[in-house]
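The following account leads the reader through selected features of one protein structure. Please consult the sequence and the structure shown below while reading.

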Amino acid sequence: MAEQVPPCPCTLPGEEEKPCKSMDLDDEVVQDEKPKPLSDITKINDISEKARLMTKGRATNTEEEHDSDDEEEEESVEEVRDAEKKSPTVSLENFVTLRWYCMLVLVMAELTAFTATASSKVMVFAGANPQIVGCGGVALSGCHELAAFRNNGSSNCVPELQYQFKSVQVEFNYICEDAKAVKNTISVQTAGILVGAAAFGQISDTFGRRRALLLSTLGNAIFNWISAYSPDLFWFMVWRTLAGAFTGGVTVVQMVYMVENIPSKDRMWIQNSITWSPNMIIFPFVAWLCHDWRTMSVVIAAASVVTFFAV
């Protein structure tokens, strides 16, 4: 009798029963794909290694190119610097030397420096207080003794003065307490210098240094000459204030004009030599020779005229 095969449990209802095949456990593992040969894996690894080496080589080459470019740039910069040291840039300053033209500029600068110093410091001597030595033949010493002497009934006595320079106080009789009026005019004159300095700074930038210097020296000469013939303290203050405005112009323009016309390598020692400092020594000697403020005003006017033609 033949052995019957049990129906397959996977048979669906209505289908014909199919016999189930017996299979060992070892046969359950079915490999759908065949394993790749070892030679193919080796080829893939070789290709990956080559790609990696090529990528690394390209990166190394790029870095080397950047390094070489940087080295070339540094070498070119050093070459340019060496060339500049060997052959410096030539400009107009290389052709300017301290010769006759510059010497004439320095003479002009000294004249303008003396004019500005004298015109601005004129009140040091023109406003000097005299020394009271007596009144009406009676020896006195100072304003306090003069005031006490006048209070005792000698108010009409004429003070006896001693001075080295005949100032405005001496000529217009502004002594002791009255001398304050002369000191007040100095403040007004100084204000004129400040206004002139501000105005001529703009004038020199707009119309040129030389024109501004010509105008300021000419105005300084005119009003210093007029002030020498002032009839009283008021008109002396007016003319001196106008002269001070032009003095401010000479002061601000003179130094710039000088520096722009001399070689750059000589500017420092010249600028420190031709200043007010040496002229502050010269001016007192000139004032001592003049002996009075009227003569000194005329001398300052004459110096301004000479400066005008020097410019």
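Two strands are taken to pair if DSSP finds at least two bridges between them. Helices (H or I, at least four residues) and strands (E, at least two) are DSSP runs, numbered from the N terminus. This is a predicted model, in which local features need pLDDT of at least 70 and side-chain atom pairs count only at pLDDT 80 or more, whereas totals for chains, interfaces and linings use all residues. Residues are numbered from 1 along each chain as its sequence is written, and side-chain values use heavy atoms, with hydrogens and water left out.

Three strands form an open sheet in the order S2-S1-S3, with antiparallel pairing. Strands S2 (138-139) and S3 (159-162) each have a single partner strand and stand at the edges, so one side of each is left without a neighbour in the sheet. Strand S1 (residues 131-135) pairs with S2 over 2 bridges, and Cys-135 has Val-138 in S2 as its bridge partner. Helix H4 (residues 143-151) packs on this sheet and touches S1, S2 and S3; contact means heavy atoms within 4.5 Å.

Helix H6 (residues 179-207) comprises 29 residues. Its buried residues (under 20% relative accessible area; exposed is over 50%, partly exposed in between, with a 1.4 Å probe and protein chains only) include Val-182, Gln-189 and Phe-200. The buried residues of H6 pack against helices H3 (122-126), H5 (168-172), H7 (209-227) and H8 (233-259). Gly-208, with a positive phi near 110°, follows H6.

In the loop between H5 and H6 lies Cys-176, a residue other than glycine with a positive phi near 55°. Cys-176 is partly exposed, with a relative accessible area of 26%.

Key. Axes are lines fitted to C-alpha atoms, for helices over the stretch in contact, and angles run from 0 to 180 degrees between N-to-C directions. The expected span of a helix is 1.5 Å times one less than its number of residues.
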